[in-house]
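This briefing is intended for a reader with the sequence and the coordinates at hand. Please consult both while reading the points below.

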Amino acid sequence: MDNTVNLPLPVLSTSDLTQLEALRQGDEAAFLALVREFHPALVRIASLYVSDRSVAEEVAQETWLGVLKGLERFEGRSSLKTWIFSIATNIAKTRGQRERRSLPFSALIESELEADEPAVPPDRFQTEADKYPGGWVSFPAAWDVTVDQQFLSGELMGYLEQAIKALPPTQCTVITLRDIEGWTSEEVCNVLGLDETNQRVLLHRARSKVRRALDQYLHAE
Amino acid sequence: MTEEKLTCQQLVEIVTDYFEDKLSPEARARFEAHVAVCPGCATYVEQMQQTIRTLGQLPPESIPEDAQEKLLRAFREWKRT
C-alpha cells in the first residue's frame with residue numbers, strides 16, 4: 001500500500017453533476033442535449049487528425065460510445081467537456097496513426113506556426129524611407145455599417161463561413177471554438193494540446209484574416 | 001527596456017494579445033496611448049472587435065439528423081445492457 005495522501009478531487013460544476021446524473025439515469029433528453037452541443041465540434045477536431053470528414057464522423061460516433069461505456073467510472077477529475085473531448089482526441093490520434101495520415105497533427109501545427117503571417121500586408125505601412133516609418137500609408141477605411149449590430153444577412157453569414165473554411169485547419173479550429181462556440185482559451189489549449197501562446201498566435205492570424213475578409217466584403221462595389 | 005515608440009505596424013500584431021489581456025501593464029499603456037491619438041489604429045482595433053462580435057453571432061454548427069438518430073439508437077442499446 002503506498003503512502004500517498006488522497007487529495008480531495010476537484011469538484012465538478014453543478015451543471016456537469018446534473019448532466020452526469022441524468023445520463024447515468026438513462027435520460028434521453030439529457031443525452032441528446034449533450035450530443036447537440038458537442039457533436040459538431042467533435043467532428044471538427046477529429047478532422048485535424050484523420051484523413052477525411054467521414055472518418056471524422058466515425059470518430060465522433062465512437063467517442064459517444066466511449067462516453068457511455070465510461071459513464072459509471074467517470075470520477076469527475078476534469079469537466080465533462082474535457083473528458084468527452086479527450087476521449088475523442090485519443091480515438092482520433094489512434095485512427096490517424098493507423099491510417100498513416102500524410103501530415104500528423106503536430107506537424108500541421110508546426111507548419112502553421114512557422115510561416116510568418118503579418119496581420120496586415122506590409123505594403124499598407126510606410127517604410128524607413130518614408131515620413132512615418134511603420135505608420136499607415138493610408139488609414140483603414142471605416143466600415144459604414146456596424147456589422148455586429150445588424151442582423152446578419154444570409155449572404156454575409158455565408159460569406160463569413162466561407163472565409164473561415166478557407167483558413168488553415170488549426171486556425172479554423174481555434175477561431176471556431178473560441179469565437180463562434182465560445183470556448184475559453186484554457187479549454188481550447190487542453191483539447192488541442194497547445195500552449196497558450198501558440199493558441200493566441202493561431203487565433204490572432206485567423207481573426208486578422210477574417211477581419212480582412214469582412215473589410216473586402218464591405219468595400220466591394 | 002528602452003521606451004520605444006509603438007508603430008502602427010507593430011500595434012496590429014498585438015491586438016489579440018491586448019484583447020486576451022496578455023500585455024504587460026507598460027505595453028498595455030503604450031497600446032492605449034497610441035490608439036488614443038491614431039485614427040487609423042482606432043479604426044483597426046474597432047474593426048477587430050466588430051469581427052469578433054460578428055463571429056459570435058454565427059450559429060454554431062448543428063448535428064445532421066441521421067447522425068443524431070444513430071446516436072439515439074446507440075443510447076437506447078446501451079440502456080438495455
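The accessible surface of chain A amounts to about 11,900 Å², and carbon and sulfur atoms account for 53% of it. For chain B the accessible surface is about 4,700 Å², with 53% belonging to carbon and sulfur atoms. Accessible areas follow the Shrake-Rupley method with a 1.4 Å probe, and for residues only the protein chains shown count as cover. The model is predicted: local features need pLDDT of at least 70, side-chain atom pairs count only at pLDDT 80 or more, and totals for chains, interfaces and linings use all residues. Residues are numbered from 1 along each chain as its sequence is written, chains are lettered from A and ligands numbered from 1 in the order in which they are written, and side-chain values use heavy atoms, with hydrogens and water left out.

**Chain A: overall form**

- Chain A contains nine helices and zero strands, where helices (H or I, at least four residues) and strands (E, at least two) are DSSP runs numbered from the N terminus.
- Chain A has a radius of gyration of 22 Å, well over the 17 Å that the globule rule gives for 221 residues, so it is more spread out than a compact globule.
- The radius of gyration is taken over C-alpha atoms, and the globule rule is 2.2 Å times the number of residues to the power 0.38.
- The C-alpha trace of chain A spans about 75 × 40 × 40 Å along its principal axes.
- Of its 221 residues, 46% count as buried; buried means under 20% relative accessible area, exposed over 50%, and partly exposed in between (1.4 Å probe, protein chains only).
- Among contacts in chain A between residues at least 6 apart in sequence, 68% join residues at least 24 apart, a contact being heavy atoms within 4.5 Å.

**Chain B: overall form**

- The secondary structure of chain B consists of five helices and zero strands.
- The radius of gyration of chain B is 23 Å, well over the 12 Å given by the globule rule for 81 residues, so chain B is more spread out than a compact globule.
- Along its principal axes, the C-alpha trace of chain B spans about 70 × 25 × 15 Å.
- In chain B, 41% of the 81 residues count as buried.
- Of the chain B contacts between residues at least 6 apart in sequence, 55% join residues at least 24 apart.

**Charges**

- Chain A carries 23 positive and 33 negative charges, whose mean positions are 3 Å apart.
- In chain B there are 10 positive and 14 negative side chains, and the centres of the two sets lie 10 Å apart.
- Lys and Arg count as positive and Asp and Glu as negative, while His and the chain ends are not counted; a charge is placed at NZ of Lys, CZ of Arg, CG of Asp or CD of Glu.

**Nonpolar cores**

- The largest nonpolar core has 64 residues, and those with the most contacts inside it are Trp64(A), Ile84(A), Ile164(A) and Leu192(A).
- Helix α2 (residues 28-46) of chain A supplies the largest share of this core, ten residues.
- Another core, of 19 residues, lies apart from it and includes Val15(B), Tyr18(B), Leu23(B) and Ala27(B).
- A nonpolar core is a set of buried Ala, Val, Leu, Ile, Met, Phe, Trp, Tyr and Cys residues joined through side-chain atoms within 4.5 Å.
- Not counting residues up to four places away in sequence, Trp64(A) touches Phe31(A), Leu34(A), Val35(A), Phe38(A), His39(A), Leu42(A), Ile84(A) and Leu71(B).

- Gln68(B) belongs to helix α5 (residues 65-80) of chain B and is buried, with a relative accessible area of 8%.
- Neighbours within four places in sequence aside, Gln68(B) is in contact with Leu32(A), Arg36(A) and Ile63(B).
- His34(B), in helix α3 (residues 25-37) of chain B, is buried at a relative accessible area of 12%.
- With neighbours within four places in sequence left aside, the contacts of His34(B) are Leu6(B), Thr7(B), Cys8(B), Leu11(B) and Cys41(B).

**Exposed positions**

- Asp21(B) sits in the loop between α2 (15-19) and α3 of chain B, counts as exposed at 53% relative accessibility, and has a positive phi of about 60° although it is not a glycine.
- Val11(A), in the segment before α1 (14-24) of chain A, is exposed, with a relative accessible area of 75%.
- From C-alpha to C-alpha, Val11(A) and Gly76(A) are 7.1 Å apart in space and 65 residues apart in sequence.
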